[in-house]
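Let's look at this one together, strand by strand and helix by helix. Have the sequence and the model open, and we'll take your questions in turn.

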Amino acid sequence: MVGVSGGIAAYKAAELVRALQRQAVEVHVVMTASAQKFVQPLTFSALTGHTVITSLWEEWGPGAPEQNGIDHIAEAQWADVLVVAPATANILAKFAHGIADDFLSTLYLATTSPVIVAPAMNVNMWNHAATQGNLETLRQRGVGIVEPGTGDLACGMVGAGRMAEPETIAAAVVSALGRRHDLAGEVVLVTAGGTREALDPVRFIGNRSSGKMGYALAEAARSRGARVILISGPSSLQAPAHCELVRVTTAEQMRGSVLARMDEATLVIKAAAVADYRPLAVSAQKLKRAGLLRLELAPTEDILAEVVRRRKAGQLIVGFAAETENRMENGRAKLLAKGADAIVVNDVAGDGIGIDSDMNAATFLTRATAVELPQMPKRQLADRILDEILTFRRPRPVVVELDEARDVEARQKQAIQDRVLDESLPVGAGRRQLIVE
Ligand code: CTP
């Protein structure tokens, strides 16, 4: 779905439509009222062969607005990607704040597909704190932004604000389409947030986890086509759209919910900061201040380790590790001790990243690999983690060279672990190649 809002670059949206059609993408177009001041809807209907959506309402006679025959919810479901080009400061502000007063802004709220915007405006409007703030909100929400270029602007000024080239925008759309369905058919169970262990009717032992990383993972998995079950400790975050949210409070409740639902999942991601200890006894009455107070704590069950023990064939299990020191050693120890397929190791000692922050940096650790994921917004990191999980599940073929002398035994062992794609490649001097998955 190409959305065209009102700017001088609106005519370039026709080139974007053509560029997408060259990539065999079917395009529908929706125009805002001000876009129609720049380009006629007829241009786009001629290019696409579809009616161009120009309004939520259609005039059926004097003073009698009727709902347009085109339903925005149906269109939102039809679209695999929504790309807005040009995106004016006004439409960016509406998207950022959830204002739905025309077809395009309503469609933005109704779609669960990836959204890309290609801003175009005067340089001062682009640099304004309001526009930059709105862009940051959208970026955090996972909206793809194809940055404008710098040069002569239609208003006569020179600077940033020229819409990116249609080919560049089309490439961003095609890449979003490519990843759109890579989790289709998967059921992803995500745990998020911290748990709370009651001390008395008003107090608890908890931690600073906000749930942001887990919620970002749930949202990313959902937008890539998975069915998502999100099991969350107390969190002030909005439930991500179209995910099944199960709210829990204590580690034991989280354990119960995870074990009850894990059989449905093809992928389990345990991002929750689960309490390791709970008070041995919970006071029925509010504890009174009375000098030194000693608490007796009992360990909770390790849910991740239990999930690994009960896993079904083919189920992938990914844990998190929150570390303040010896990150890699501790992460690797957790990977081995808990038996997960991978551990996302976070450094939670740093300022401005990790627990309760919008940013994070991590290492995706498996038994064989360690991939550094540098500091970025959690929503973006969520997609990178899912990319690594998919790579882990579908490893690229690798070439293994074997000495002839060890060939037979080694090949037998190898074949048990790996699917041998091709073993008929002698490479000379007593060596052979196996291509294995
Ligand atoms: N975890 C769990 N159940 C617990 C504690 C932790 O399932 N009772 C999971 C977390 O969700 C996370 C992983 O185990 O995926 C590692 O959590 P972390 O707090 O880093 O490690 P712990 O196992 O608690 O070890 P420690 O606190 O000693 O570092």
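**Walking through the model**

Trainee: In the hairpin of S8 and S9, which residue takes a positive phi?
Mentor: Strands here are DSSP runs of E with at least two residues, helices are runs of H or I with at least four, and both are numbered from the N terminus. Between strands S8 and S9 lie five residues of the hairpin. The one with a positive phi, near 95 degrees, is Gly156.

Trainee: What kind of model is this?
Mentor: Residues are numbered from 1 along each chain as its sequence is written. Local features need pLDDT of at least 70, side-chain atom pairs count only at pLDDT 80 or more, totals for chains, interfaces and linings use all residues, and the model itself is predicted.

Trainee: Which strands are at the edges of the five-stranded open sheet?
Mentor: The sheet has the order S2-S1-S5-S6-S7, with parallel pairing. An edge strand pairs on one side only, and here these are S2 (29-31) and S7 (144-145).

Trainee: In S6, what is the bridge partner of Val83?
Mentor: S5 (residues 82-87) and S6 (residues 115-119) run parallel and are joined by four bridges. S5 also holds Pro86, and a cis peptide bond, with omega about -5 degrees, joins Ala85 to Pro86. The partner of Val83 is Ile116.

Trainee: At what angle does H1 run to S1?
Mentor: Angles run from 0 to 180 degrees between N-to-C directions, and axes are lines fitted to C-alpha atoms, for helices over the stretch in contact. Contact here means that the C-beta atoms of two residues, placed from the backbone, lie within 7 Å. Helix H6 (residues 103-110) lies across S1, S2, S5 and S6, at about 125 degrees to S2. Helix H1 (residues 12-22) lies across S1 (2-4), S2 and S5, and its angle to S1 is about 175 degrees.

Trainee: How far apart are the axes of H5 and H6?
Mentor: H5 meets H6 through Ile91, Lys94 and Phe95, with Leu104, Ser105 and Tyr108 on the H6 side. Helix H5 (residues 89-97) packs on H6 at an angle of about 35 degrees, and the distance between their axes is 10 Å.

Trainee: Now the eight-stranded open sheet: which strands stand at its edges?
Mentor: The order is S14-S13-S10-S15-S18-S19-S20-S21, and the pairing is mixed. One side of each edge strand has no neighbour in the sheet, because each has a single partner strand; these are S14 (244-247) and S21 (370-377).

Trainee: In S14, what is the bridge partner of Ile231?
Mentor: S13 (residues 227-232) runs parallel to S14, and four bridges join them. Ile231 is bridged to Val246.

Trainee: Is H10 oblique or parallel to H14?
Mentor: The axes of H10 (residues 212-223) and H14 (residues 378-393) come within 8 Å and cross at roughly 60 degrees. Angles under 35 degrees count as roughly parallel, over 145 as roughly antiparallel, 65 to 115 as roughly perpendicular, and the rest as oblique. That makes H10, relative to H14, oblique.

Trainee: How many charged residues are in the contact of H10 with H14?
Mentor: Among the residues that meet are Lys212 and Glu219 in H10, and Lys378, Arg379 and Asp383 in H14. Asp, Glu, Lys and Arg count as charged; Ala, Val, Leu, Ile, Met, Phe, Trp, Tyr, Cys and Pro count as nonpolar; the others, Gly among them, count as polar. The contact has eight nonpolar residues, no polar ones, and a charged count of five.

Trainee: Where is the place of Asn326?
Mentor: Asn326 is a residue other than glycine with a positive phi, near 40 degrees. Helix H13 (residues 327-338) lies across S18, S19 (342-347) and S20. Asn326 sits in the loop between S18 and H13.

Trainee: Which element supplies the largest share of the shell around the ligand?
Mentor: A residue is near a molecule if its C-beta atom, placed from the backbone, lies within 6 Å of it. The ligand is surrounded by 16 residues, the closest being Lys270, Val274, Ile303, Leu304 and Gly319. H12 (303-309) and S18 (316-323) each supply at least two residues of the shell. The largest share, four residues, comes from S18.

Methods: Two strands pair if DSSP finds at least two bridges between them.
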